[in-house]
Amino acid sequence: VTSSAAGEFDLVMPPGGWVPRNPTQQLSWYTKYTANRNGARIGMDLTAVVKGNARLNVAGREIDTIRINYEGYTDRIGSTLSSGGQSGRYRAEVWYAPELGRPVRFEMMTRGGTGAGSFVISEALELISIR
C-alpha cells in the first residue's frame, strides 16, 4: 500500500498490524518502528494494553470485541531529513472482533510540534458494512 486510504489506521500501522495474532494471550506489548509513506517518515514508540471486552453494534449487528489501548509518542519527520521533525503524544484505541478476524473501530488522537510544524490529528474509523 503506497497511500493511506484509511488515514492514520493505514499510515502508521505497526508491522504485523494493530492486533497481534492472539490478543487474549498477550495482555501488553511494546512496539517501536518507522513508517515511510508518501515521502514522509513517521516514528512510532507505543505501548499497547488489552483493556478487556466490549460489545459494539457493527452494521446493525451486536459484535463482541477486544479493546486495545495504544499510548506513546510519534515523530513526524517530514519529507527530508533536512526538514527537521516534530514530536507529540500519541493515543489510539482499537476494537478487534475475533468473530470477523479484523478491527471494527479505530480512534486516535495526537498533537505535537511547535510553530509551522505543529500538528493535531484526531480520527475515528468504523466498519459500517459486513458482507
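Over the ring of which residue does the charged end of Arg-105 sit? The ring is that of Trp-95, with the charged end of Arg-105 lying 5.8 Å from its centre, where a charge sits over a ring if NZ of Lys or CZ of Arg is within 6 Å of the ring centre and within 35 degrees of the ring normal. Arg-76 has its charged end over the ring of Phe-119, 5.6 Å from the centre.

This is a predicted model, in which local features need pLDDT of at least 70 and side-chain atom pairs count only at pLDDT 80 or more, while totals for chains, interfaces and linings use all residues. Residues are numbered from 1 along each chain as its sequence is written, and side-chain values use heavy atoms, with hydrogens and water left out.

Across the whole structure, a search finds five aromatic pairs (rings of Phe, Tyr and Trp, the last by its six-membered ring, with centres within 6.5 Å; planes under 30 degrees apart count as stacked, over 60 as edge-to-face and the rest as tilted). One of them joins Phe-9 and Phe-106 edge-to-face, at 5.3 Å centre to centre and 70° between the planes. Phe-9 belongs to helix α1 (residues 8–11) and Phe-106 to strand β5 (residues 102–112), 97 residues apart; helices (H or I, at least four residues) and strands (E, at least two) are DSSP runs, numbered from the N terminus. Phe-106 counts as buried because its relative accessibility is 2%, buried meaning under 20% relative accessible area, exposed over 50% and partly exposed in between (1.4 Å probe, protein chains only).

Ring pairs link Phe-9, Trp-18, Trp-29, Tyr-70 and Phe-106 into a cluster.
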